[in-house]
Amino acid sequence: MNQEELKAVFDKQASGYEQQQKKLAPVHEGLYFQLEWIFSELPQSARILCVGLGAGAELSYLASKFPHWSFTAVEPSGAMLDVCRQRAEKEGFISRCVFHEGYVETLPDIELHDAATCFMVSQFILDKEARSNFFRAISQRLKQNGILVSADLSSTVGSPEYEALLKVWVSMLHAANVPADAIEKIHTAWAKDVAILPPDEVKSIIRLGGFESPVQFYQAGFVHAWFSVRSGDAA
């Protein structure tokens with residue numbers, strides 16, 4: 001699936017995306033809770049880059065916790081970005097946001113950011129070199145020692161651990177009332193359009209993208225999350 005095809009998929013999902021994600025909220029809430037502490041030493045007026053943020057859940061969380069921060073929201077799906085913009089307006093922090101419909105590589109040269117989030121995005125980049133280049137594009141928009149927090153699906157596909165975890169994951173989706181045909185579509189998409197790699201490979205890809213060795217701080221099922229610092233040779 002190329003970028004335009006992926007964008008079209010998220011455009012179609014935009015209207016009901018938030019409601020669907022609420023069913024799986026515990027998976028993401030633990031990530032957001034720790035995100036607050038990873039960013040706790042950033043400046044009071046920090047600027048945060050949120051890449052591929054969909055409906056803007058992490059943006060909403062950070063805006064409520066850090067009322068003096070400003071944000072750059074980057075999302076290729078115009079429909080998703082509209083939902084994110086509406087949320088920011090409803091929750092009263094839209095004045096602290098810049099919205100960019102497109103990819104991080106097309107983000108105009110603006111003030112560098114203190115930190116970035118990138119959740120469930122890089123997994124859709126199948127080529128490893130292109131995936132590292134994606135992270136490099138993020139690193140080039142961060143200040144020296146800027147922090148990246150990223151999350152993606154990760155596992156050693158085909159291993160006994162993967163098969164065991166898959167059963168738990170499917171049970172979770174059933175409990176969240178995700179339709180059976182949707183679950184089958186997820187499995188099909190994973191096989192064709194999602195690069196589910198072992199955690200060490202994902203860490204290596206991030207490191208080649210201009211960051212110090214990433215530290216895994218979270219796992220919920222297949223969702224793994226890391227934080228890392230922009231390396232000195234990221235430019």
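**Close-up views of a predicted model**

**View 1. Arginine 85 is partly exposed, with a relative accessible area of 29%.** The model shown here and in the views that follow is predicted. Arginine 85 forms a salt bridge with the side chain of aspartate 82, at 2.9 Å from N to O. Both residues sit in helix H4, three residues apart, or about one turn of the helix. Aspartate 82 is also partly exposed, because its relative accessibility is 39%, between the cut-offs of 20% and 50%.

**View 2. Helix H4 belongs to a right-handed β-α-β unit.** The unit consists of S2, helix H4 (residues 78-91) and S3. Strands S2 (residues 70-75) and S3 (residues 97-101) run parallel and are joined by five bridges. Glutamate 75 has glutamate 101 in S3 as its bridge partner.

**View 3. A salt bridge joins aspartate 114 to lysine 143.** Their closest N and O atoms are 3.2 Å apart. The pair links distant parts of the chain: aspartate 114 lies in strand S4 (residues 113-119) and lysine 143 in strand S5 (residues 142-153), 29 residues apart. Aspartate 114 is buried, at 11% relative accessibility. Lysine 143 is partly exposed, at 32%.

**View 4. Lysine 128 and glutamate 201 meet in a salt bridge through their side chains.** The N to O distance is 2.8 Å. Lysine 128 is partly exposed, with a relative accessible area of 45%. Glutamate 201 is partly exposed too, at 30% relative accessibility. The model has five salt bridges in total.

Methods
Residues are numbered from 1 along each chain as its sequence is written. This is a predicted model: local features need pLDDT of at least 70, side-chain atom pairs count only at pLDDT 80 or more; totals for chains, interfaces and linings use all residues. Side-chain values use heavy atoms; hydrogens and water are left out. Two strands pair if DSSP finds at least two bridges between them. Helices (H or I, at least four residues) and strands (E, at least two) are DSSP runs, numbered from the N terminus. A crossover is right-handed if, with the strands pointing away from the viewer, the path from the first strand over the helix to the second runs clockwise. A salt bridge is a side-chain nitrogen of Lys or Arg within 4 Å of a carboxyl oxygen of Asp or Glu. Buried means under 20% relative accessible area, exposed over 50%, partly exposed in between (1.4 Å probe, protein chains only).
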